[in-house]
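Q: Can you walk me through this one? I'd like to start with a helix.

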Amino acid sequence: MNLETHTSGLGVLIVYDSVRSGKRAKELCDRLGQNCELSLSVWSLSALRLPALARAAAHEAERAILLIVAVNGDETLPRHVKTCLHRCARAIHVVDGALVAQFHSILKMNEELCPAYGCLKQIAHHADVRFFSEVVELPEDELHCAAESLRASELPARGQFRRQCLTSGSKTILGQFLNCSLIKPQK
């Protein structure tokens with residue numbers, strides 16, 4: 001269900017898969033909203049299974065400039081969620097918004113290979129909205145497993161390291177996007 005709605009400021013729609021990822025998305029909003037007031041609408045993936053709630057979330061997206069999707073990067077998004085996110089992304093296209101993907105339970109070097117990344121990037125592309133992504137650090141109990149899988153895999157090529165360095169500045173770029181949205185007249 002819609003957990004929290006604030007009524008003033010720039011609209012941000014958060015869709016999350018777990019309490020932990022929802023909290024991390026809220027922390028991202030807190031960092032981005034240091035220079036402006038953000039109006040949050042927060043929805044769980046499980047709520048979007050119900051058609052009436054999925055329509056309500058898409059309606060909330062009409063007042064949003066950012067769509068933040070905080071999910072496990074290794075999971076495939078269910079069809080009903082993809083449908084809802086397509087609607088939300090089309091809604092934020094009207095205000096020249098952006099889709100922000102926030103992944104957990106993956107390593108940064110695997111970001112572009114994870115199923116959720118490809119799906120969300122495609123949704124942003126189809127809706128013609130900007131796409132930003134970040135990988136949220138793994139908790140301590142998952143670091144050991146990640147280190148083991150890293151030892152078992154081959155190291156990425158130099159081009160992949162370069163791409164990671166270029167994308168590491170995405171928080172700054174996203175902040176600039178948000179600041180430009182504050183001074184840009186609404187369509």
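Q: Which residues of α1 are buried?
A: The buried set in α1 is S21, G22, A25, L28, C29 and L32. Buried means under 20% relative accessible area, exposed over 50%, partly exposed in between (1.4 Å probe, protein chains only). Helices (H or I, at least four residues) and strands (E, at least two) are DSSP runs, numbered from the N terminus.

Q: How do the buried residues of α1 fall, seen down its axis?
A: They sit within an arc of 115°, so they line one face of α1. The arc is taken over the directions from the helix axis to the C-beta atoms.

Q: And what is exposed on the other side of α1?
A: V19 and K23 are exposed there.

Q: What should I know about the model itself?
A: It is a predicted model: local features need pLDDT of at least 70, side-chain atom pairs count only at pLDDT 80 or more, and totals for chains, interfaces and linings use all residues. Residues are numbered from 1 along each chain as its sequence is written, and side-chain values use heavy atoms, with hydrogens and water left out.

Q: Back to α1. What is its span?
A: α1 covers residues 19-32, which is 14 residues. From first C-alpha to last it reaches 20 Å, close to the 20 Å expected at 1.5 Å a residue. The expected span is 1.5 Å times one less than the number of residues.

Q: Switching to strands. How many residues of β1 are buried?
A: Seven of the seven, residues 10-16, so β1 is largely enclosed by the rest of the structure. Both faces are covered. L10, V12, I14 and Y16 lie on one side, with G11, L13 and V15 on the other.

Q: How does β1 pair with β2?
A: In the parallel sense, over seven bridges, with β2 at residues 38-44. Two strands pair if DSSP finds at least two bridges between them. The chain crosses from β1 through α1 to β2, and this β-α-β crossover is right-handed. That is, with the strands pointing away from the viewer, the path from the first strand over the helix to the second runs clockwise.

Q: And how many bridges join β1 to β3?
A: Five, and these strands also run parallel. I14 has bridge partners in both neighbours: V42 in β2 and I68 in β3.

Q: Next, α4. What do its buried residues pack against?
A: Against β3 (66-72), α3 (79-93), β4 (98-104) and β5 (130-135). Contact means heavy atoms within 4.5 Å. The buried residues are A116, Y117, C119, L120, I123, A124 and A127. α4 itself has 13 residues, 115-127, and reaches 19 Å, close to the 18 Å expected.

Q: What happens just after α4?
A: D128 takes a positive phi of about 60°, although D128 is not a glycine. D128 is in the loop between α4 and β5 and is exposed, at 56% relative accessibility.

Q: Where is D96, and what is its phi?
A: D96 is in the loop between α3 and β4. Its phi is near 60°, again positive in a residue other than glycine. D96 is partly exposed, at 28% relative accessible area.

Q: Last one: what are the overall totals?
A: There are seven helices and five strands. Of the 187 residues, 45% count as buried.
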